[in-house]
Amino acid sequence: MGNLGKESLSSFWEKGIRKEEGSKLGEWQSVTIGDLPDCYRHDYCRWCRYCSGMGYLENGYLRKSDVQCMQAKARMRVYKKIHEDYPDE
């Protein structure tokens, strides 16, 4: 997002808040689900707890997190299994 060796944290933060051109923080803050090409297009996505930081660390800017996709699939399977075994609860 920036280089704290060249810029103060408060300056970096203020640029992001003001959404100054070239501010990576400002750009990051303006991301919406519609900007994510791989997210919320599958049935398991409703079980996702999307974190842009995880996606960034794993696959780069505006990309899905493979770990979070795996967790969403697991949540969905558990939910379905519980409701198969205990349909009235």
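## Core, cavities and salt bridges in a predicted model

Ile-33 is placed in the loop between H2 and H3, where the helices are DSSP runs (H or I, at least four residues) numbered from the N terminus. Ile-33 is partly exposed, with a relative accessible area of 40%; on this scale buried means under 20%, exposed means over 50%, and partly exposed lies in between (1.4 Å probe, protein chains only). Between the C-alpha atoms of Ile-33 and Arg-46, which are 13 residues apart along the chain, the separation is 12 Å.

The model is predicted, with local features requiring pLDDT of at least 70 and side-chain atom pairs counting only at pLDDT 80 or more, while totals for chains, interfaces and linings use all residues. Residues are numbered from 1 along each chain as its sequence is written, and side-chain values use heavy atoms, with hydrogens and water left out.

### The loop between H2 and H3

Helix H2 covers residues 24-29 and helix H3 covers 52-59, and the loop between them holds Cys-51. With a relative accessible area of 32%, Cys-51 is partly exposed.

Tyr-40 also belongs to the loop between H2 and H3. Although Tyr-40 is not a glycine, its phi is positive, at about 60 degrees. Its relative accessibility of 36% places Tyr-40 among the partly exposed residues.

Leaving out residues up to four places away in sequence, Cys-45 touches Cys-39 and Tyr-40; contact here means heavy atoms within 4.5 Å. Cys-45 and Gly-55 are 10 residues apart in sequence, and their C-alpha atoms are 14 Å apart in space.

### The largest nonpolar core

Which residues make up the largest nonpolar core? The seven residues are Tyr-44, Cys-45, Trp-47, Cys-48, Cys-69, Ala-72 and Met-76. A nonpolar core is a set of buried Ala, Val, Leu, Ile, Met, Phe, Trp, Tyr and Cys residues joined through side-chain atoms within 4.5 Å. In soluble globular proteins, nonpolar side chains tend to be buried together.

One of the core residues, Cys-69, touches Tyr-44 and Lys-64 when residues up to four places away in sequence are not counted.

### Gln-68 in helix H4

Gln-68 lies in helix H4. Gln-68 counts as buried because its relative accessibility is 8%. Apart from neighbours within four places in sequence, Gln-68 is in contact with Cys-48, Arg-49, Tyr-50, Cys-51 and Met-54. Cys-51 and Gln-68 are 17 residues apart in sequence, and their C-alpha atoms are 8.1 Å apart in space.

### Two cavities

How many cavities of 30 Å³ or more are counted? The count comes to two. On a 1 Å grid over the protein atoms alone, a cavity is a set of points where a 1.4 Å probe fits but cannot get out, and lining residues have an atom within 4 Å of a point. Grid points are joined across faces, edges and corners, and the volume is the space filled by probe spheres set on the points.

The largest cavity holds about 90 Å³ of space. Its lining includes Asp-38, Tyr-40, Tyr-44, Cys-45, Lys-64, Gln-68 and Cys-69. By class, this lining has eight nonpolar, two polar and two charged residues. In this division Ala, Val, Leu, Ile, Met, Phe, Trp, Tyr, Cys and Pro count as nonpolar, Asp, Glu, Lys and Arg as charged, and the others, Gly among them, as polar.

The second largest cavity holds about 40 Å³. It is lined by Trp-28, Val-31, Tyr-50, Ser-52, Tyr-56, Gly-60, Tyr-61 and Leu-62. Six of these lining residues are nonpolar and two are polar, with no charged residues.

### Two salt bridges

Side chains of opposite charge can pair when their charged atoms come close. The model has two salt bridges, each defined as a side-chain nitrogen of Lys or Arg within 4 Å of a carboxyl oxygen of Asp or Glu.

| Salt bridge | N to O distance |
|---|---|
| Asp-66 and Lys-64 | 2.6 Å |
| Lys-81 and Asp-85 | 3.3 Å |

Asp-66 is partly exposed at 39% relative accessibility, and Lys-64 is partly exposed at 23%. Lys-81 and Asp-85 both lie in helix H4 (residues 66-85), four residues apart, which is about one turn of the helix. Lys-81 is partly exposed at 44%, as is Asp-85 at 42%.

Notes. On a 1 Å grid over the protein atoms alone, a cavity is a set of points where a 1.4 Å probe fits but cannot get out, and a pocket is an open set with protein on both sides within 12 Å along at least five of seven lines; lining residues have an atom within 4 Å of a point. Helices (H or I, at least four residues) and strands (E, at least two) are DSSP runs, numbered from the N terminus.
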